[in-house]
Amino acid sequence: MFTKVKPWLYLLPALIIYLTVICFPSLYSLYLSFFEWNGVAPDRKFVGLDNYVYLFTKDTVFPTALSNNLQWMLGSLVLMMGLGLALALMLNKRLKGRTWFRGIFYFPYVLSGIVVAMVWTWMYNPTQGFFNKVLELVGLESWTQAWLAEPKFALYAVFLAALWQGVGQPLVLFIAGLSSIPDDPYEAAFIDGASKFQSFYYITLPLLRETFVIVVATTMIGAMKVYDIVYAMTGGGPAESTQVLSSLMYYQTFRYANIGIGSAISWVLVLIVMIVLIPYVYYTTKRSHV
Amino acid sequence: MKRMLMLGLTLVMVASLLAACGGGNNSQSSPANQADGKQKKVSIALWTLSGSGWEWVVEAVEQFQNENPDIEVVHSSYAVDPMKENLKVAASSKTMPDIWFTWGGSLGSFYPENGLALDLSEIAEEHNYAEVYNKAALDMSTFNGKLYGIPMRLNALSMWYTKEAYEATNLQPPATFAEFEEQLEILKNAGYIPLAFGSKGGWHTMRLAELLIEHYGGPELHDQLLSLSASWDNEAVIQTFAKLKEYTDKEYFPKGYVSLDPEEAQNLMYQKKAAIINEGTWFDSSIITSGFDVNDFGVFKFPTEQSPVRPSVFAEMLQISADASPEKQAAAIKLGEYLTSVEVINQFVDVYGSPATLNVNTSEANPHMKEILDSASDGAFQIMDQALPQQLIQKWFEAQDRVALGDWTPQQAAQEMDKAVQEYVSKNSQ
Amino acid sequence: MELRISSTRKVVHYAVLIILAILFLLPLVFIFFTAVKSNADLASKPIYAFPAKIHWENFVKAWDQGKMSMYMKNTLFICLVKVPLGILIEALAAFALTRLKFRWSIPMFSFFLIGMMIPMQATLVPLNMLLNAIHLKGTYPGIFLIYLGFGIPFGIMILRGFFRTIPKELDEAALIDGCSDMGKFLRIILPLSMPAIATLIIFDFMATWNEFLLAQIFISDQSMRTITLGLLAFRGDWSTDYTLMSAAVLISVLPVMIVYLLFQKYFVNGLAGSVKG
């Protein structure tokens, strides 16, 4: 009898906290998303799906925010993951100083979004910042920009900062994945006269499949949740052009006191992440049977 | 035996969590609170603005605690936008501080409307506020006929210029709107940034925009717009947007002003790189606390060519929590009255800005304050971000940016504003 | 793995890496230059110019004016409680999921994994109400509770991944030696899992030290502010003093750097288990 209860006892602390902090509140915010409420007034007005309808049909900023998140996700998958993989492959060789290199590329990931935002805002400063000064130095003055003030550039400027910060994560995961691949298949391929590309394509990639799954998953979640770097660099401006779902949710909830709409935004976020990740969870747990 | 160990450990952990939960009431863990003295202290939380011009509060609070050993003040301060957000966060969990700074109008009315701020009408009667504070300031702290704030400052805004730029270009403050625009061009050609505005947060550039609305629409229409009784899709609004776009295209604003922090715009004035800014009665003290000389600057009324020439004004106040215990409320009122008392204002008069309290000394070091206050004596309008509901002002900020960046034409921007206003009106009239 | 690298290739390889490394270090160099210049020096010369004179006192000024010691102390305190406590709780759960006879092992693991999908944003308003209802709003226990909660899914994932790589034979050996489950957990699994725990320490310490959104909402008392909030407040109040701001930024980064350097050699090994699914 006791052995049946025992695992639950070990799980209990984690489970209680998990239910209190994540499960119950997120379900409750789903409930709140069906109301119109300012967060304080005693009466909440039930409006059904109106908040969602409003977001998708009327709100002028929501589509921008959604599209920014999707662009961000795409950019992260292609650039961040690509650069991470490329660097991991380069560092995986028996290379002198690879710990140093790894440390350098990983280092920005240790910083907070706020720190990264402060460093890069200063780099982008229109009059004294690094980018414009360097452009002036090489005679490209006409290229200088108020990088964060131009809707054309602002999101990409913020993304570049995030790329600098974030590349370390896929990098370490890929290095971990690569280090678990044994040498033998490469030796065999070498003897069979396979080219470098062939051995990469036919050996490395398939054996990295599981690493890819985890990197893709974490990169996508990261892209959907992006918040502090945007908040601190642009605050969603100029003209709401860099607003992302998280920042919009924050502003709707905590500046305009539209709790219902803010909750609806956060649930759109949840749904998107779920659509993306359920296959991942399914895959991971299915493999666990083995 | 071993089982018991395991069970015990789990229990200890769960218990520690529960204990953590129970510890809520006595866990005001801030170091400042640990100094429990001999007698029982009332501890109150005070939130004010931070940054230049607000340093004096720290010293004043210190003095207050010395004079009132039974009261302890836990003071937190925030910059402008974080202040607005943190108050809302606190409101949504009903954990307002005991006494907090806020602005008038739609920014300050949220708390009374939702029962978070204490009705001070009786106190005002008892303590004779009518003779202590400026009537206009009291009116602007009144919502639905009840007083909800201890008036702190009554601010008027004005155009400020650097004497250096004006002397270098041989200019006098402009008397007409046409002259104002000519000067922008001259200043630009002389290498100055004519207009030091930063649109991050939206409200700084808004101060120029509302003067343009006043100029093009006149006082009557302007008031109707602010009270949502006239359509925003009208000529005056379109012309205002068109001017903002024109000034942007002519590079009268600092580079990248759309995302520039207003403090950086001020800095351009301090460094005399820019020529004109719109600031208020507090700007003398900002200049002083930033280490510059107020005599390098002058003020002029924006030539709206209307009569009267109205500046914009707004009130700042201290609100008291309706949910706090009576002892805390009493202590908070005491602190609020202290911070707005004649003696404290006289002590910090050089850095206080324009007090809402009557019969205080005027500061020798603030040479422009009186002139600006006088300019409001013939009439004034309430500043836009306090006159309009917050959703609508956000729309206005967005429109300002979009016009500057060329996303929207001035006509489109006016239509979008109008649409937002109509939606707001129909939603709130249901 | 690579069997033969020609020497020209090697040169190109290094060149690419070195250039990339320099690009990655640039922002850091730049912020350092800013931090040690005087304001006059900064205004008069381009930013990439070497400082005319090194002004170390900027760090002292930033430390004092930015109240850095208070913010660092607060954040360190939160980290020192949250990180070990979180790892213990997560390890107990991961132990149940991998080592005990537990029919619900896989569904429960999936259930915890779902937590990684929930963005914090979706919980903020209800959490705010909840903390208030149990009188924990704005208190350290409240903050611990929330930080612990958001660390659980990731921690369980990493630890479970690693625990699974520890051979079951060891369990049997332990059983023969008369170890109970708790003994097995404390004497065998935990010590063998040091790489994973080290990894988690880095991740957790970093995540907690750098956390912003939760702190922004759940910490309002100035005397409890964490380093990220403090930095942002510093920027709000001193937005024009880039030298001090840069100095503050550099100071704030030191502790995470130290933790990273201390534990980084475990890093890759600790992750390997979970990368393998």
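**Entry 1: the domains of chain B**

Into which domains is chain B divided? I looked this up before anything else, keeping in mind that I'm working with a predicted model. Domain 1 of chain B takes in 41–155 + 314–347, and domain 2 of chain B takes in 156–313 + 377–429. So much for the bounds; next I wanted the spacing. Taken over C-alpha atoms, the centres of domain 1 and domain 2 of chain B sit 29 Å apart.

**Entry 2: where the chain B domains meet**

I checked the contacts here. On one side there are 17 residues of domain 1 of chain B, and they are in contact with 18 residues of domain 2 of chain B. About 1300 Å² is buried between these two domains, and carbon and sulfur atoms give 53% of that area.

How many salt bridges are counted between domain 1 and domain 2 of chain B? I got 0. For polar contact, though, I noted 5 residue pairs between the two domains, both residues at pLDDT 80 or more.

Then I looked at which elements of domain 1 of chain B touch domain 2. Those giving two or more residues are helix H3 (80–92), helix H4 (105–113), strand E6 (150–162) and strand E10 (312–320) of chain B. I sorted that side of domain 1 by class too: 7 residues are nonpolar, 6 are polar and 4 are charged.

**Entry 3: on to chain C**

The domain assignment of chain C gives me domain 1 at 7–55 and domain 2 at 66–275. I wrote down 33 Å between their centres, again taken over C-alpha atoms. In this pair, 9 residues of domain 1 of chain C are in contact with 6 residues of domain 2 of chain C.

The buried area between the two domains of chain C comes to about 580 Å², with 72% given by carbon and sulfur atoms. Which residues of domain 1 of chain C lose the most area to domain 2 of chain C? My list reads C:Ile31, C:Ala35 and C:Asn39, which together make up 63% of what that side buries.

Helix H1 (7–36) and helix H2 (39–44) of chain C each supply at least two residues of the side of domain 1 that touches domain 2. The largest share of that side, 5 residues, comes from H1(C). By class, I have 5 nonpolar residues, 3 polar ones and 1 charged one on that side of domain 1 of chain C.

**Entry 4: chain C against chain A**

Last stop: two whole chains. Here 100 residues of chain C are in contact with 105 residues of chain A. I noted a buried area of about 9500 Å² between chain C and chain A, 78% of it from carbon and sulfur atoms.

The rule finds 1 salt bridge across the interface of chain C and chain A. Which residue of chain A does C:Asp181 form a salt bridge with? I traced the partner to A:Lys6, and the closest N and O atoms are 2.4 Å apart. I also counted 18 residue pairs in polar contact between chain C and chain A, both residues at pLDDT 80 or more.

H1(C) turned up again in my notes. This helix gives 16 residues, the largest share of the side of chain C that touches chain A. That side of chain C divides into 76 nonpolar, 15 polar and 9 charged residues.

How values were computed: Residues numbered from 1 in each chain as written. Chains lettered and ligands numbered in written order. Predicted model: local features only at pLDDT ≥ 70, side-chain atom pairs only at ≥ 80, totals over all residues. Heavy atoms only, no water. Domains from an automatic or database assignment. Contact = heavy atoms within 4.5 Å. Buried area = accessible area lost by both parts, 1.4 Å probe. Helix = DSSP H or I, 4+ residues; strand = E, 2+ residues; numbered from the N terminus. Nonpolar A, V, L, I, M, F, W, Y, C, P; charged D, E, K, R; others polar. Salt bridge = Lys/Arg side-chain N within 4 Å of Asp/Glu carboxyl O. Polar contact = N/O pair within 3.5 Å; in protein donor to acceptor, adjacent residues only side chain to side chain.
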